[in-house]
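Please look over the sequence and the coordinates before reading on.

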Amino acid sequence: MLETMAAPLPVDAVANTVQARARAISPAGPGAVRFERLGKTYHSAAGAVRALEEIDLEIPTGRIYGIIGRSGAGKSSLLRTINRLEEPTSGHVIVDGQDIGRFDENALVQLRRRVGMIFQHFNLLSAKTVRENVALPLVVAGLPRRQIDQRVDEVLALVGLEGKHDVYPSRLSGGQKQRVGIARALVHKPEILLCDEATSALDPETTLSILRLLRDINRSLGLTIILITHEMSVIREVCENVLVLEQGRIAEEGPVWQVFGDPKHDATRALLRPLSRDLPEDLAARLAPRPVAGGETIIELHYTGAQGGDPDLARLAATLGTSLRLLHGTIDRIQGHAQGTLLVAARGISEQDLDALKGHVGSARVVGYVASDV
Ligand SMILES: Nc1ncnc2c1ncn2[C@@H]1O[C@H](COP(=O)(O)OP(=O)(O)OP(=O)(O)O)[C@@H](O)[C@H]1O
């Protein structure tokens, strides 16, 4: 279902009323999270399951940080240690420089106010209105009515849901329900927002609108957003850094453009596969393994984003001393880095000739040969 809603206020316009706390990105400070040799083992009738092992990781303040992995990789377990919905079996979780494992009941209540959370299925109370759902954490905290009303108005404006105060969740679209979830998660002005597969139940268009809202909130309020997902497209859309988890361990970690452009681990490559395109069928059907007299060489050019600049086919052609024809390909821009794969055709080029392209492209290889122009 597509969303129908009041257009959200430009976040800049409400930032003042929502006590914007823009923070410079730094490794430590409010909203920073560190995992030290974190481990989690579940014990059940079926035996022990080691969900997380030896996780050492730093999530700096103010980032949108993505955690991705296949089903069962340990994403939820890791995320839920940050507000102690899950207790680690070993190691430490440090939030704002404090070891949260040492917190008593009182400190834990405070922690959960500083760490908001949204869920795949929204977790709204169906018998309560939008206003009542969003107000609930403040009611529990014992705030005066007037203060609660003011704060609820602020956060509902922030997520673009003015005028929906008295509506029940059953009358809202999926995207609107998630906006209510986000508003509720923000009522205590948290430093960190945890997103547990927050867009997995939404259609692609609504997913995009929720991800953009998260990005606006991150920029205007300066809070750290940590999201888990099994979709690389979600990571590509909003995250600055990504952690790939595989069987409870860190497979790789880094800026999104780097991990996407030059994946080092099989798990990352497998997760990226849905974003890549195979050889077009008509071309694959005509491909020969050896050069064909009078034919063309089909070359795959891969850009990792580390080449510093946009693909320049004229320059490549000049370097190879032949003309190039662009057949197929996709170039994405991720965090300002151009990356992707192009298929080009050229006459009289061999695998050895491609050495000359070093430095211009991430990698180049001969895919095959065709008898005549494709
Ligand atoms: N309460 C539990 N008891 C026993 N095993 C559990 C429990 N919770 C999780 N596990 C197991 O721990 C491992 C990691 O689970 P987790 O839910 O953290 O992974 P995930 O990457 O979030 O998976 P998904 O994407 O399917 O939600 C899995 O093998 C899972 O079966």
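What is the strand order in the open sheet of 4 strands? The order is E2-E1-E4-E5, and the pairing is antiparallel. The model is a predicted one. Its secondary structure comes to 12 helices and 14 strands.

**Overall build**

- The C-alpha trace spans about 85 × 50 × 40 Å along its principal axes.
- The protein has 374 residues, and 37% of them are buried.
- Take the contacts with a separation of 6 or more: 73% of them join residues 24 or more positions apart.

**The open sheet**

- E2 and strand E5 (98–99) are the edge strands of this sheet, each pairing on one side only.
- E1 pairs with E2 in the antiparallel sense, over 9 bridges.
- Within this pair, Phe-35 stands opposite Leu-57 of E2.
- Strands of a sheet pair through backbone hydrogen bonds, in a parallel or an antiparallel way.
- Arg-37 also lies in strand E1.
- The phi of Arg-37 is positive, near 45°, and this residue is not a glycine.
- Most residues other than glycine have a negative phi.
- Is Arg-37 buried or exposed? Arg-37 counts as exposed because it has 12 C-beta neighbours inside 10 Å, and the cut-off for exposed is 12 or fewer.

**Two domains**

- The domain assignment gives domain 1 (11–273) and domain 2 (281–370).
- The centres of domain 1 and domain 2, taken over C-alpha atoms, are 40 Å apart.
- How many residues of domain 1 are in contact with domain 2? There are 9, and they touch 8 residues of domain 2.
- On the domain 1 side of this contact, helix H9 (residues 256–261) gives the most, with 5 residues.
- That side divides into 4 nonpolar, 2 polar and 3 charged residues.

- Strand E9 (residues 241–246) pairs with strand E10 (residues 249–255) over 6 bridges, in the antiparallel sense.
- Val-242 stands opposite Gly-254 in E10.
- E9 and E10 form a hairpin with 2 residues between them.

**Helix H6**

- Helix H6 (residues 174–186) has 13 residues.
- From its first C-alpha to its last, H6 reaches 19 Å, close to the 18 Å expected at 1.5 Å a residue.
- Why is H6 described as largely enclosed by the rest of the structure? The reason is that 12 of its 13 residues are buried.
- Among the buried residues of H6 are Lys-177, Arg-179, Ile-182, Arg-184 and Leu-186.
- The buried residues of H6 pack against E6, H4, helix H5 (145–158), strand E7 (192–196) and H7.

**Helix H7**

- Helix H7 (residues 204–221) has 18 residues, which should span 26 Å at 1.5 Å a residue.
- The end C-alpha atoms of H7 are 26 Å apart, so the span agrees with that expectation.
- Buried residues in H7 include Thr-206, Ile-210, Leu-213, Leu-214, Ile-217 and Leu-221.
- An α-helix has 3.6 residues a turn, so residues three or four places apart point the same way.
- Just after H7, Gly-222 takes a positive phi of about 70°.

**Phe-122 in a loop**

- Phe-122 is found in the loop between strand E6 (115–119) and helix H4 (130–140).
- Phe-122 is not a glycine, yet its phi is positive, at about 70°.
- Is Phe-122 buried or exposed? Phe-122 counts as buried because it has 20 C-beta neighbours inside 10 Å, and the cut-off for buried is 20 or more.

Conventions: Residues are numbered from 1 along each chain as its sequence is written. This is a predicted model: local features need pLDDT of at least 70, side-chain atom pairs count only at pLDDT 80 or more; totals for chains, interfaces and linings use all residues. Two strands pair if DSSP finds at least two bridges between them. Domain bounds come from an automatic or database domain assignment. Two residues are in contact if their C-beta atoms, placed from the backbone, lie within 7 Å. Ala, Val, Leu, Ile, Met, Phe, Trp, Tyr, Cys and Pro count as nonpolar, Asp, Glu, Lys and Arg as charged, and the others, Gly among them, as polar. The expected span of a helix is 1.5 Å times one less than its number of residues.
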